[in-house]
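Student: I would like to learn how to read helix packing and sheet order from a model. Could we work through one case?

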Amino acid sequence: MTDTAAVKLTQQVKAGGCASKLAPGSLAEVLSRLPKQSHANLLVGFDTADDAGVYQIAPDLALVQTVDFFTPLVDDPFVFGQIAATNALSDVYAMGGRPITALSIVCFQQDGDLDILEAIMRGGLTKMDESSCIVVGGHSVRDTEIKFGYAVTGLIHPDRVFTNTGAVAGDILILTKPIGTGVITTALKRGVAKQEWVENAVRSMTTLNRAASEVITSAIGVHAMTDVTGFGLMGHSRELALGSGMTLEIIVDQVPRIEGALEAIHLGAVPAGLLANREFAECVSADVPGSEIPDDLRTLLYDPQTAGGLLISVAPMNADAVLRSLWLAGMNAAKIGSVLGPYTARQGMPAIVLR
């Protein structure tokens, strides 16, 4: 067996994890040109940029479908597989669904070390097993850059679907994981990350959103939910705000962050995906008059997350109970803001205000 630990996967790709995804503005431009699909059984399609599609197959049953794959963002192949699986499963959990089957997606060099590929796929299987999701097959292609992920199918009751379009004025915003995986893994790729930073980021990226989703699906007063991944906190907040027709307020210093994230920014470890996210979302945001937001904290809000947490919009009278339940489930959750009121796209009105 080859010593896979000696191989630096992050040195074999231009960008890692969700930072390797197409810029959100480019994707939105293309999707806006496509014809809208409509069907009586289609409950959630791609028109609202939600986390997964939902298709009803019976009066009390619907399918949740998603696909997610990307390049390595850590050097350990086994851990990379775990992160890729955690990230793909997250979209189903973000809708309130239960994953049941998955298809693997593999891009690998024709003459690549097969021990590395085995380690990646083994890592992915551990997280699929943890989620009680069965890998039923997959597809592979030759590629000069390694890419791995899954297409995941889940089940959900049609009346219990959480989307990114249901936020209500007065709601409290809760985030279930700290942010910073993008800048920390970029620091790893550049050889300037401290080991403890990477360990904390990996711990976050290999924690399933299953427990958090189970809390939310049994909670009272939750109006909307999305996961925070490649578009960063601001990008996904933008989609929540515009989809719901609401203006959100984010209290920047209340947003939990992974230890080392700000230090990584100070070292210049800013991925290209962060800059693309900023171009996409900053144009619909504004600071509360008198606010003094440090540049490093502002930058971190746009950091592309891999296997990030859930962003939840919950009625104010239920927010404390939901937060306590998330803590009991082991989540490092925090209140990060609120839903201020209706948003209209008139000149100069922000969809997100930062305090």
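Tutor: This is a predicted model.

Student: Which residues of H4 and H5 make the contact?

Tutor: On H4 they are Thr181, Ile184, Thr185 and Leu188, and on H5 they are Trp197, Val198, Ala201 and Met205. Sorted by class, this contact has six nonpolar residues, two polar ones and no charged ones.

Student: How is the geometry of such a pair described in general?

Tutor: Two packed helices are described by the angle between their axes and the distance between the axes. Here H4 (residues 181-189) and H5 (residues 195-205) pack at about 135°, and their axes are 10 Å apart. Angles over 145 degrees would count as roughly antiparallel, so H4 is oblique to H5.

Student: Turning to the sheet, in what order do the six strands lie?

Tutor: The order is E1-E2-E3-E6-E4-E5, in an open sheet with mixed pairing. E1 (42-44) and E5 (134-142) are the edge strands, each pairing on one side only. From one strand to the next, the twist averages 25°.

Student: How many bridges join E3 to E6?

Tutor: Nine bridges join E3 (residues 61-70) to E6 (residues 147-156), and the two strands run antiparallel. As a point to find on screen, Ala62 stands opposite Ile156 in E6.

Student: Where does H2 lie?

Tutor: H2 (residues 77-94) lies across E3, E4 (98-108) and E6, and runs at about 145° to E3. H3 (residues 114-130) also packs on the sheet, where it touches E4, E5 and E6. The direction of H3 makes about 20° with that of E6.

Note on methods: Residues are numbered from 1 along each chain as its sequence is written. This is a predicted model: local features need pLDDT of at least 70, side-chain atom pairs count only at pLDDT 80 or more; totals for chains, interfaces and linings use all residues. Side-chain values use heavy atoms; hydrogens and water are left out. Axes are lines fitted to C-alpha atoms, for helices over the stretch in contact, and angles run from 0 to 180 degrees between N-to-C directions. Helices (H or I, at least four residues) and strands (E, at least two) are DSSP runs, numbered from the N terminus. Angles under 35 degrees count as roughly parallel, over 145 as roughly antiparallel, 65 to 115 as roughly perpendicular and the rest as oblique. Contact means heavy atoms within 4.5 Å. Ala, Val, Leu, Ile, Met, Phe, Trp, Tyr, Cys and Pro count as nonpolar, Asp, Glu, Lys and Arg as charged, and the others, Gly among them, as polar. Two strands pair if DSSP finds at least two bridges between them.
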